[in-house]
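Please consider the structure shown below.

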Amino acid sequence: EAKNTQGASFKLYDSSMNLRAMQKVQMESEARIALREDQFNLALQPLIDLKTRKLVGFEALIRWHHPTKGLIMPGQFIPMLENTTFMLELDYWVIAHGTRLLSDLNGNGYQDIKFAINVSSAQFTDPSLPHFLQQQIQLNKVDPACICLELTETALVSDLARATKIMKSIRDLGCKIAIDDFGTGYSSLSYLKALPTDYVKIDRSFVAGMLEHKDDQNIIASIISMVSNMGMEVIAEGIEEAAQYDMLSQLNCHQGQGYLIGRPIPEANLWNHLKEYVDNKIWTRPFSVLND
Ligand code: C2E
Ligand code: MG
Ligand code: MG
Ligand code: MG
């Protein structure tokens, strides 16, 4: 009897593992087809200088337009694709597609626009990243200084010496580096000193709490002052309210993004609105009114 029960529970555990593994395999194969069939594209979220209110550039955010399921957000597929060989392919597609888009903008008279591209942990440690990036920069004739790679803390802390080496090779190309979602991982301000970084992005959870919680406000203030003293710039993400914008600006946070300033715009719509984004130069009302 006891043996049977054990056997049954083992089987149950085993089959649930198989289910997860199967879902992963299925997601990977669906995503592979999706890439071939051009179902992925980018949404661009504006990034502005908080003091001057000028447009600095855009963060490229991947979107999956599934023919039957509709719009699928990265949170629904990126975690599932992590550690698959396809995730790397998709990451490289984002770099190739993003630099081409930037080149199109340059070709149409829009210069000095920064493009922030998210890099997964797997891509960050992939030996071909620096060379691929360099190839795409040359192929698309874009200014490397306009490309900023966003890395998360988790990708960096596992091997600081290795991370530093990779970051140096990326910066040697002339590209910029941002630490994304700062404050959610190990967040040691001392490791920031060791890492060759240009920007630190404060995670939006702190911004979300900053008006109500003195703790969040204090954390933000100390990140800004320490990062600034180290000669780097701070970007706040998730600015949704004018009062957050004002407080961040008073705390001398350099740049910001968030729904208040503008939601991510599908790349196909970017062209319709570029004149307003770029020619106006100064943000005076939510860019989100231009959104679909
Ligand atoms: P992230 O890099 O921290 O990107 C910011 C996320 O916050 C985006 O979600 C953006 O739409 C959202 N956001 C911006 N402003 C606001 C705001 O004011 N309020 C709120 N509530 N949210 C705001 P999204 O596009 O769903 O992306 C989620 C995450 O997926 C990203 O977080 C990033 O880690 C990952 N991701 C997105 N695109 C890519 C990509 O091309 N490659 C890789 N490897 N990861 C990506
Ligand atoms: Mg990011
Ligand atoms: Mg972020
Ligand atoms: Mg975030």
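Glu237 is buried, its relative accessible area being 10%, where buried means under 20%, exposed over 50% and partly exposed in between (1.4 Å probe, protein chains only). Asp181, by contrast, counts as partly exposed at 24% relative accessibility. The model is predicted: local features need pLDDT of at least 70 and side-chain atom pairs pLDDT 80 or more, while totals for chains, interfaces and linings use all residues. Residues are numbered from 1 along each chain as its sequence is written, chains are lettered from A and ligands numbered from 1 in the order written, and side-chain values use heavy atoms, without hydrogens and water.

Asp181 (OD) and Glu237 (OE) coordinate the magnesium ion (ligand 4) at 2.2 to 2.4 Å; donors are N, O and S atoms within 2.8 Å of the metal (3.2 Å for Na, K and Ca), and sites may look incomplete because water is not among the atoms. Asp181 lies in strand 6 (residues 176-182) and Glu237 in the loop between strand 8 (233-236) and helix 11 (242-250), so the pair ties together parts 56 residues apart in sequence. Helices (H or I, at least four residues) and strands (E, at least two) are DSSP runs, numbered from the N terminus. Asp181 also bridges ligand 4 and the magnesium ion (ligand 3), which lie 3.0 Å apart.

Glu237 also approaches ligand 1: a polar side-chain atom of Glu237 lies 3.5 Å from an oxygen atom of this ligand. A side-chain N or O atom of Arg63 is 2.8 Å from an oxygen atom of ligand 1, and a polar side-chain atom of Asp91 is 3.1 Å from a nitrogen atom of ligand 1.

Definitions and conventions. A polar contact is a pair of N or O atoms within 3.5 Å; within protein, one must be able to donate a hydrogen and the other to accept it, and residues adjacent in sequence count only if both atoms are side-chain atoms.
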